Amino acid sequence: MAMESLSEFLKFLDSQGELHRVKTSVEAKLEISAIADRVSKTPAPHGNKEIDKSPAAKLGGKALLFESVKGSDIPVAINTFGSYWRVCQALGTPSLSELAERVQALVKPEIPTTLLEKMKKLPDLLKLGSFPPKTVRSGICQQVILEGDQADLTRLPLIQCWPLDGDLSSGQVMDAAAAQNVTERGTGRYVTFGGIHTRDLETGDRNIGMYRVQLFGPRKCAMHWHMHHDGARHFRKYRARNAKMPLAIALGGETVLPYCATAPLPPGIEELLFAGFLNDGAIELVQCRTIDLQVPANSEIVIEGYVDPAEQLMEGPFGDHTGFYSLADWYPAFHVTAITHRHDPIYPTTIVGKPPMEDYFLGKATERIFLPLLRTIVPDIIDYSLPISGVFHNCAFIKIRKEYPYHARRVMHAIWGAGQMSFTKFIIVVDEQVDVQDEQDVLFHLFANCDPSRDTEIVRGPVDILDHASPATGVGSKIGFDATAKWPAEGSVRTWPAEMSMDTTTRELVSRRWSEYGF
Ligand SMILES: Cc1cc2nc3c(=O)[nH]c(=O)nc-3n(C[C@H](O)[C@H](O)[C@H](O)COP(=O)(O)O)c2cc1C
Ligand SMILES: [Mn+2]
């Protein structure tokens, strides 16, 4: 079972030897980040049942709880989702593949043949629809209410992740002239693990996205949502009417929530519904105190406020999950109207940077859970992997069973049209016998099977906002490599050689006789 709150999750992790408490006093600026970075690159306590063949699959260290952070009374939790095992516990599943099977059952219900099978499937089929969020009158997240001047973000232990974060004089800026002239500079401190709650002005749809939030002052922040994400889409509607958009940042809550905030659900599919499905029970919501929004009742801390369409701030730079700084640029201002929290709250945060980091495991959860959903759009995909070196949007390995000439290219184009997968900069398509979870195996077939001028497909389109190599922000090119065995109809192709492997009889013979050889 997934758990109801962050505090409960930390207690559970502690009981399983998965939590390290740091009692000595630490700085919120850089020190926590440097420790978390180092820990996330060490082996994780529990093994995992995942199919990932990357050496990173075994890493992640322990979750960390910093009990004494300078400048704040609130402890900081980090790396709580930073291993396969911990992500699975948070999502209440023994393995991501088993969770993917539950999703598969939802999206493509196989026609049950017997009554017994029908009965067995029914509960799962009903679940996605049967756990919409539920409004409750009170919640732990409002045990303490700080409104107006009492609400002071500087008293929360917001961390600075990397040395140049928020430093406009570092040269890490989109437009040097604009950066020089800004009157209001942000700090290096960010909210990094919050669920950003907004509502669609027209449809009323609720959205939760995980977007970083830069601290500017006690009640002022900058909202870094990418233009392709739902928070930004909601905001554009408010801006068109020149209206202020209510927004709440919820920290903690049901353990499925942070993951759901990162999940690439299509616009209009509410994260809260998906969370109810993963949680096996409705997420309870309470009404905010100062804005017309609802937030998870079991949150540790909630920051309420509004985004002002009339005000932009120079947000960034920020050390990002690409391993590079994302450059400072204009983003909207968020004004805080209240901070509410439970008694003795814990502040959750994360850092991103060169993988593996905590977000690697969140991304891998998405890779597995969304395979059944991706298949509804591109049924040709047998399996896929987002390799660690591609930091998710940069690269995808795709496995197909080739059925006609240029099949691989059709799959590439389908992916370049599929939600957030459309940002994939490098796609490598391989045949069925290749293990897409094994980077070596994929690269071997890429290098061996491609004639670069014949087997590549280059297209132009929207790219990830964080891609720094593209000629303009969010606009660039993408390449697909057809690393499948080529067919005569696919251009100038000579007799394609068979890939070598030992015959089964001999392999079995050798296995049987292995000890006789004196090994
Ligand atoms: C740790 C972490 C930090 C993230 N930071 C941001 C961010 O600052 N801005 C952003 O637009 N997306 C960010 N993302 C990605 C979004 O959370 C993700 O794409 C999500 O699906 C967006 O949801 P939406 O489509 O409902 O907007 C982050 C993801 C993770 C795991
Ligand atoms: Mn969304």
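Me: Which residue is the bridge partner of Phe66 in strand 3?
Reply: In strand 3, Phe66 has Val76 as its bridge partner, strands being DSSP runs (E, at least two residues) and helices likewise (H or I, at least four), numbered from the N terminus. Please keep in mind that this is a predicted model, where local features need pLDDT of at least 70, side-chain atom pairs count only at pLDDT 80 or more, and totals for chains, interfaces and linings use all residues. Residues are numbered from 1 along each chain as written, chains are lettered from A and ligands numbered from 1 in written order, and side-chain values use heavy atoms, without hydrogens and water.

Me: And in which sense do strand 2 and strand 3 pair?
Reply: Strand 2 and strand 3 (residues 76–78) pair in the antiparallel sense over 3 bridges, where pairing requires at least two DSSP bridges between two strands.

Me: What about strand 1 and strand 2, parallel or antiparallel?
Reply: Strand 1 (residues 19–22) and strand 2 run parallel and are joined by 4 bridges, with Leu19 standing opposite Ala63.

Me: Which way do the side chains of strand 2 point?
Reply: From strand 2 (residues 63–66), Ala63 and Leu65 point one way while Leu64 and Phe66 point the other, and all are buried, meaning under 20% relative accessible area with a 1.4 Å probe, protein chains only.

Me: Switching topic, which are the protein donors of the manganese ion?
Reply: The manganese ion (ligand 2) has Asn207 (OD1), Asp230 (OD) and Glu271 (OE) as protein donors, 2.1 to 2.2 Å away; donors are N, O and S atoms within 2.8 Å of the metal (3.2 Å for Na, K and Ca), and sites may look incomplete since water is not among the atoms.

Me: Are Asp230 and Glu271 buried or exposed?
Reply: Both Asp230 and Glu271 are buried.

Methods: Buried means under 20% relative accessible area, exposed over 50%, partly exposed in between (1.4 Å probe, protein chains only).
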